[in-house]
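Here is a briefing for a first look. Open the sequence and the structure side by side.

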Amino acid sequence: MKYRRMKDAPKTLIAGLAATILVLGLALTILAIGLGSSSKERESLRFRVNALDGSKDKCVRCHRDVTPGIIEQYGHSSMALAGVTCRDCHETAPDYPGAIAHEGSHILSEPSSARCARCHAQETAQFNQSRHGLPAYVAYAGTKKLSPELLATYENIPEGGYRPEKMRSALFAKEGEEVARFACRSCHDVGRPAPDGSVGNCSKCHLRHEFSLEQARKPETCNACHIGPDHPQWEIYQESYHGIAYMTGGHRWHWEVEPGRLGVKDFPAPTCAICHMSGFGASGTSHDVGDRLAWYLFAPISERRPSWQDNRARMQNVCRECHNERFVNDFYAGADAATERINAWVREGNAVVEPLQEGGLLTAEPFDEPIDFVLFELWHHWGRTAKFGVWMQGPDYTQWHGAYEMLSELAELRQMAKEKLAERDRKRAETKKDGSS
Ligand code: HEC
Ligand code: HEC
Ligand code: HEC
Ligand code: HEC
Ligand code: HEC
Ligand code: HEC
Ligand code: HEC
Ligand code: HEC
């Protein structure tokens, strides 16, 4: 859906206007019409005025006592200012999947993305084409529980079906539901199907009930999931010059500018969202976070994505708003070469283990003996960290939490393989001796 926002205006005007509006109690009407005022003004008003103050709506009146936090948060959102009500997201027909009877009406306790799609069709469609959709869910749950319709949707996501290894589903099964609820699922349920068959939990990034652009655009939003030894994008960002610019000057950036109209005046350095999602320079806003990626970096051995040249061009368009073409091309050439180098180390690790696999010296069960963990960590922790460090400028992660750990794990792997082979030879020699004596 298309809606209007207000253009910039000086601060004095904002304060003056705000006060007048408050006194006259006309804030909501004027804001809803949105004529002749600014996004900053809208912003300052939003924080001062609760759009739900004085509301006679039944839901609001009762929930002011029942869940005051929700009324406080939602009242200050731009959606509430635009007149979107509790009912628009929560109220539903009695026979709708997941509906519960509530105060003479029927509601969904967790409105699904199908509700958002009524007004935000484009964002929802892009999200559904991305790996934040069904692929995130399939990553731990597999495809077994998907309905035929959802399976078809999943299979039609262009970069969605790529699943080079399934070892971690075994971890999910081994650790059990009690733990998984707070572990795998906490992050991967961003793409879980709802009872009505729609996919995705938008509130993993748009924390209820504020729906604030500032919050969604800040890198802390992504660090709910993009953190830790296997995908330390948050830590890497903090170490990068981009992250340093954010942490030292971010309080002056223009966090609430209308999507699609951001520029270097608003953001002198990028956050995660600017590089991966926001409209910036020649690249349009997208909820498909794969849209600008050239490699499958999460894979043990990284390959190019199907439409990698177009994707790369979209990412480079963002870089070029701040860096020149030679700088960007030189950076990409270097990062491509580093990616290949890291691939080579993972291949080397696989080659060390191959004779053990072929000789039946490893159990078929994943994650039941130390060597399984060493091989896994070689690519899953350190290999990926090294690659992410390269691409998002975290030298400490590329070096000491990446390349160095890989070399150390490779040495350990070789030693473990040597011992297993020696043990096999010793056993063979013993059986031979037993047989001949
Ligand atoms: C007369 C009071 C009252 C009215 C009117 C009312 N609610 Fe509630 N609502 C409650 C109470 C009480 C709870 C339970 C709170 C709890 O469990 O702590 C609740 C819970 C909810 C929940 C959470 C349900 C769950 O399963 O987690 C939602 C969502 C909700 N209300 C939305 C609405 C909407 C939308 C309306 C208007 C159509 C509405 N409420 C009208 C009192 C009310
Ligand atoms: C733009 C959509 C939207 C609007 C408008 C909205 N909600 Fe919600 N609400 C949600 C979503 C999504 C969730 C579930 C989020 C989750 O569980 O992750 C939710 C959850 C809730 C819950 C249950 C969770 C909890 O923390 O108790 C209550 C109660 C609730 N909403 C009340 C309200 C009331 C009252 C209003 C109106 C003042 C309202 N909501 C307006 C989207 C909305
Ligand atoms: C009934 C229509 C409607 C529904 C349903 C709806 N929205 Fe909105 N949403 C709007 C409108 C209108 C705006 C524009 C507010 C503005 O910018 O003034 C908006 C704005 C937003 C924004 C941008 C906020 C900003 O400050 O610019 C986000 C994020 C958002 N919606 C998320 C959601 C999510 C997530 C859901 C589902 C849980 C949802 N919306 C459901 C109508 C809706
Ligand atoms: C802290 C949040 C978090 C937890 C907990 C987590 N993951 Fe992930 N997982 C991610 C993120 C983020 C990525 C994406 C990394 C990338 O694209 O570079 C990912 C990637 C993956 C992938 C590779 C992508 C794919 O679809 O093949 C698999 C498989 C996976 N996770 C499975 C699991 C399983 C199984 C568990 C539990 C044992 C788990 N994850 C726990 C956040 C998490
Ligand atoms: C609730 C957890 C969660 C949050 C919050 C989250 N992500 Fe993700 N993200 C994931 C998971 C899980 C995957 C891996 C999905 C897969 O490949 O199976 C992923 C994958 C990605 C990918 C790789 C997509 C691809 O095609 O391989 C990018 C880029 C990404 N996320 C960016 C972001 C950005 C930017 C933010 C913040 C604005 C963010 N994510 C917030 C969980 C999350
Ligand atoms: C990975 C985090 C993430 C998830 C998940 C996510 N969003 Fe967003 N969303 C963002 C960010 C970041 C922005 C701001 C983009 C920008 O900077 O222009 C945004 C902006 C929006 C806007 C305002 C766009 C505009 O042009 O005014 C809407 C509406 C919206 N999201 C709806 C949704 C809906 C609906 C879903 C679920 C289907 C969803 N989002 C899921 C991160 C997310
Ligand atoms: C300066 C721009 C920039 C910033 C800032 C940035 N990234 Fe990235 N990111 C990239 C580039 C470039 C790649 C590699 C692109 C490729 O594959 O061609 C990448 C790769 C990724 C991947 C790996 C996807 C895969 O294939 O496995 C994830 C996940 C990701 N970024 C998430 C994040 C998160 C989360 C943040 C913030 C904490 C962030 N990024 C900050 C530019 C950025
Ligand atoms: C909004 C502006 C902006 C965007 C977009 C941007 N950068 Fe930067 N970049 C900066 C700033 C500011 C610095 C710090 C400059 C300095 O060192 O003084 C920086 C520094 C860097 C550095 C140097 C780090 C070092 O170790 O010296 C690299 C490499 C880099 N950026 C790559 C990229 C890439 C690749 C992209 C696109 C994926 C990108 N940048 C997008 C603003 C931006």
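The points below go from the whole chain to single residues.

This is a predicted model, in which local features need pLDDT of at least 70, side-chain atom pairs count only at pLDDT 80 or more, and totals for chains, interfaces and linings use all residues. Residues are numbered from 1 along each chain as its sequence is written, chains are lettered from A and ligands numbered from 1 in the order in which they are written, and side-chain values use heavy atoms, with hydrogens and water left out.

**Whole chain**
- The chain has 22 helices and 2 strands. Helices (H or I, at least four residues) and strands (E, at least two) are DSSP runs, numbered from the N terminus.
- The chain has 437 residues, and 40% of them count as buried. Buried means under 20% relative accessible area, exposed over 50%, and partly exposed in between (1.4 Å probe, protein chains only).
- Among contacts with a separation of 6 or more, 61% join residues 24 or more positions apart. A contact means heavy atoms within 4.5 Å.

**Iron site**
- His-206 (NE2) and His-287 (NE2) coordinate the iron atom of ligand 6 at 2.0 Å. Donors are N, O and S atoms within 2.8 Å of the metal (3.2 Å for Na, K and Ca); water is not among the atoms, so sites may look incomplete.
- The two histidines are 81 residues apart and link distant parts of the chain. His-206 is in the loop between α14 (184–188) and α15 (213–217), and His-287 in the loop between α18 (272–276) and α19 (308–319).
- His-206 counts as partly exposed, because its relative accessibility is 24%. His-287 is also partly exposed, at 22%.

**Helix α21**
- Helix α21 covers residues 370–392. Its 23 residues reach 31 Å from first C-alpha to last, close to the 33 Å expected at 1.5 Å a residue. The expected span is 1.5 Å times one less than the number of residues.
- Of the 23 residues of α21, 19 are buried, so the helix is largely enclosed by the rest of the structure.

**Backbone points**
- Most residues other than glycine have a negative phi, and most peptide bonds are trans.
- Phe-367 is not a glycine, yet has a positive phi of about 55°. Phe-367 sits in the loop between α20 (325–358) and α21 and is buried, at 4% relative accessible area.
- Gln-393 is partly exposed, at 29%.
- The peptide bond from Arg-208 to His-209 is cis, with omega near -15°. His-209 lies in the loop between α14 and α15.
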